[in-house]
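Biologist: Could you pick one part of this model for me and look at it closely, then work outwards from there? I'd like to know what sits where, and which side chains pair up.

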Amino acid sequence: MSTTIGSFIAGGIAACGAVTVTHSFETVKIRLQLQGELQAKKDAPKLYRGVLHGVRVIYTNEGMKGLLRGLSCAYIYQMTLNGCRLGFYDPIRRHLNSLALDRDLSHTQDPRIKSYQSLPINIFSGATSGILGAAAGSPFFLVKTRLQSYSPFLPVGTQHKYKNAWDGLGQIYRAEGIRGLYRGVVPAMIRTGFGSSVQLPTYFLAKRQLQKHFAMPDSAALHLLSSSASGFVVCVVMHPPDTVMSRMYNQTGNLYSGAFDCLYRTVKTEGIFAVYKGFFAHLARILPHTILTLSLAEQTMKYMRRFEESALGIPDKLKAQAA
């Protein structure tokens, strides 16, 4: 089993564990983003007044089922997105390092190439791997968003009544074809590109700095602190395009002609801070999600390496060279 496949599996498993814990905050975030869509602030109703109020209101009216709407789609999307993000990040980075240092793409296994750190290359690698995952998983994120925005009690935004994820995919395909399934894919790619461009570079930068300045061992505590720093930066950078993506995904017909039209009309009608609607719900979701995803990925990769070494019978000498 190659390291890339191992990283893909580790990223997917870790993300599914994380999304199970944080999905309810994602539901609140989406409803906050859609609340008062294209309405002046003074005219917009406030059905959900923040993270905790949103959780309480949804749970009171819809139970856990309401908070966990779209979870099956979230699993598939996270397997796709984070599998690609963690699986392709390092191979892309190593190939670009090899090209930058040696003008050759074939030296990716050279220890010098593996250890070389370039911020522009790291950011580009993170963005590219995230964009690939976002494009592949976009139909599932589309249905997930619509399932989470639906409420028979306190509706916000356009309401889509799907029985489940597969019914949603079927309804969209029958009504709009493949193009409908990929509605909003551009802002999704921008959003994920923004987040991915900083998530892994910030994580590895924080990890190196903590090891350098505080002599922290490679442990769960190091992974926790590094992923916390990464999660906060990701939320700040990613939230505006995330708001645009949620609105593009949830629209029916052609309310917005594109991502920039959505951004322009949102800011013009609701003010500049409208793009940060639901920020604290997003932070409540993405901080533990990033911590769990990256920490679990580190641990899963360790087990994957042990399994590979055991299954392939890698000698201790080669293990030491690879370390």
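**Starting from one loop**

Modeller: Let's start at Ala215, which you'll find in the loop between α7 and α8, the latter being residues 220–250. Keep in mind that this is a predicted model. Ala215 is not a glycine, yet its phi is positive, at about 50°. With a relative accessibility of 63%, this alanine counts as exposed, because the cut-off for that is over 50%.

Helix α7 covers residues 185–214 and holds Ile190. At 30% relative accessibility, Ile190 comes out as partly exposed. Ile190 and Ala134 sit 56 residues apart in sequence, while their C-alpha atoms are 8.9 Å apart in space.

Now for the charged pairs. Side chains of opposite charge can pair when their charged atoms come close. Arg191 and Asp242 do this through their side chains, in a salt bridge with an N to O distance of 2.4 Å. Arg191 belongs to helix α7 and Asp242 to helix α8, so this bridge ties together parts 51 residues apart in sequence. Are these two partners buried or exposed? Asp242 is buried, at 0% relative accessibility, and Arg191 is buried as well, with a relative accessible area of 4%.

A second pair is Glu26 with Lys144, whose closest N and O atoms are 2.9 Å apart. Here the link runs between distant parts of the chain: Glu26 is in helix α1, Lys144 is in helix α5 (residues 119–149), and 118 residues separate them. Glu26 counts as buried at 4% relative accessibility, and Lys144 is buried at 3%.

Then there's Glu270 with Lys277, a salt bridge with 2.7 Å between the closest N and O atoms. Glu270 is buried at 11% relative accessibility, whereas Lys277 is partly exposed at 22%. As for how bridges connect, those that share partners join Glu26, Lys29, Lys144, Arg191, Asp242 and Arg285 into one network. The total count of salt bridges is 16.

Further along, helix α10 (residues 279–312) is where Thr290 sits. This threonine is buried, with 0% relative accessibility. What does Thr290 touch, leaving aside neighbours within four places in sequence? It is in contact with Gln199, Ser227, Ser230, Gly231 and Ser295.

Last, the surface. Lys41, Lys46, Arg49 and Arg56 gather there in a patch of positive charge. Lys46 is in the loop between α1 (3–34) and α2, and at 59% relative accessibility this lysine is exposed. There is also a nonpolar surface patch of about 280 Å², made by Tyr59, Met64 and Leu68. Tyr59 lies in helix α2, residues 51–67, and counts as partly exposed at 46% relative accessibility.

Technical notes:
Residues are numbered from 1 along each chain as its sequence is written. This is a predicted model: local features need pLDDT of at least 70, side-chain atom pairs count only at pLDDT 80 or more; totals for chains, interfaces and linings use all residues. Side-chain values use heavy atoms; hydrogens and water are left out. Patches are made of residues with over 30% relative accessible area and no salt bridge: like charges are joined within 9 Å, nonpolar side chains (Val, Leu, Ile, Met, Phe, Trp, Tyr) within 5 Å. Accessible areas come from the Shrake-Rupley method with a 1.4 Å probe; for residues, only the protein chains shown count as cover. A salt bridge is a side-chain nitrogen of Lys or Arg within 4 Å of a carboxyl oxygen of Asp or Glu. Helices (H or I, at least four residues) and strands (E, at least two) are DSSP runs, numbered from the N terminus. Buried means under 20% relative accessible area, exposed over 50%, partly exposed in between (1.4 Å probe, protein chains only). Lys and Arg count as positive and Asp and Glu as negative; His and the chain ends are not counted. The place of a charge is taken as NZ of Lys, CZ of Arg, CG of Asp or CD of Glu. Contact means heavy atoms within 4.5 Å.
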